[in-house]
Amino acid sequence: MADREGVAVLGAGIMGTGIAQVFAQSGFSVAQTDVGEAVLARSRETMRRGLQSLADKGRIAADDVAAILGRIRQTAVLAEAVADADFVVEAVVEDLEVKRQVFAELDRAAPAAAILATNTSILSPTAIAAATRSPARCIGMHFMNPAPVVRLVEVVPGILTARETVEATKAMATRLGKTPVVAKEAPGGIVSRIMMAMRNEAVDILAEGIASAEDIDTAMKLGAGFPIGPLALIDLVGVDLHVTNSETMVRETGNAKYRPHPLLRTMVRAGLLGRKSGRGFYGYER
Ligand SMILES: NC(=O)c1ccc[n+]([C@@H]2O[C@H](COP(=O)([O-])OP(=O)(O)OC[C@H]3O[C@@H](n4cnc5c(N)ncnc54)[C@H](O)[C@@H]3O)[C@@H](O)[C@H]2O)c1
């Protein structure tokens, strides 16, 4: 594999922040972009706190915090971020039109040999790649939250993705200390698809009055070895995002087993969005 050192990460939200940190921790120079300076500064501060906590626990050396952050350059101008990139990971909002616009711009602004990866959760990498003139170099590269911690990366080739792009993306994931699995393009890939059905089943059990939220989560943690219960996980992801993603799964697959229980819509209408609003299935200190 060619040595791919110049990396651009598009997006400085939850995932863009984690992904930029992962690359920088693995020694890559990273250019990170988002729509404005404030969100970029927030992202850098989140990374600084995450890295400092690793240093406090002795997982990285104290000097590494500044060294890793020093490998991340931030700019609000996308073309500037990708101008020298060999590998680009897009982690902007989960909106097909926004991603297609970003990929159309990427296609013009990034070097012709650069790989263009999208971190989309359930959109089609093929539909995103279709906004470019070079779909062979486009691919899904699905990091999971929190990206610095989760060891899996789903590599999702679109229908026109070249074999070399798949191999280079797998190799990149391995260089980042992750384990790649390849999943042909299909709504939700492997993990999200299974988790989506399971989370909705948990909400059904709650809404049918079979067990309390606490007992459902305890049952899945102690009985099935889950690190976090399915309802607590919906709170973490965001109830609204979970509903949108479930609806996309139903639309894309035509299979009602992914349908979100009406209780979830009622929760969204009431502003019970999970951790980010302070209350979902559980209450949170804000
Ligand atoms: N949050 C998760 O658990 C998770 C897990 C796996 C994959 N994903 C996927 O990762 C992607 C990002 O999700 P997130 O949770 O980080 O979202 P987020 O809302 O935290 O961040 C999205 C960022 O994209 C930025 N953005 C919007 N338009 C942009 C543009 N044109 N150019 C540059 N930046 C732009 C926003 O300002 C925001 O900072 C989505 O595709 C999502 O489906 C999310």
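The structure is a predicted model, in which local features need pLDDT of at least 70 and side-chain atom pairs count only at pLDDT 80 or more, while totals for chains, interfaces and linings use all residues. Residue numbers start from 1 along each chain as its sequence is written.

The ligand is surrounded by 24 residues, of which the closest are Gly13, Met15, Glu94, Ser121 and Asn145; a residue is near a molecule if its C-beta atom, placed from the backbone, lies within 6 Å of it. Two or more residues of the shell come from each of helix 1 (14–25) and helix 5 (96–109). The shell comprises 14 nonpolar, eight polar and two charged residues, where Ala, Val, Leu, Ile, Met, Phe, Trp, Tyr, Cys and Pro count as nonpolar, Asp, Glu, Lys and Arg as charged, and the others, Gly among them, as polar.

Strand 4 (residues 87–90) is parallel to strand 1 (residues 6–10), to which four bridges join it; strands pair if DSSP finds at least two bridges between them. Strand 4 also pairs with strand 5 (residues 115–118) in the parallel sense over four bridges. Phe87 in strand 4 stands opposite Val7 and opposite Ile115 in strand 5. Phe87 and Val89 point one way from strand 4, Val88 and Glu90 the other way, and all are buried (20 or more other C-beta atoms within 10 Å of the residue's own, with C-beta atoms placed from the backbone).

Domain 1 (6–182) and domain 2 (192–276) divide the protein, with bounds from an automatic or database domain assignment. Their centres, taken over C-alpha atoms, are separated by 28 Å. Leu206 lies in helix 8 (residues 191–207) and counts as buried because it has 20 C-beta neighbours inside 10 Å. Beyond its neighbours within four places in sequence, Leu206 contacts Ala213, Ile216 and Leu231 (C-beta atoms, placed from the backbone, within 7 Å).

Note on methods:
Buried ≥ 20, exposed ≤ 12 C-beta atoms within 10 Å, placed from the backbone. Contact = placed C-beta atoms within 7 Å.
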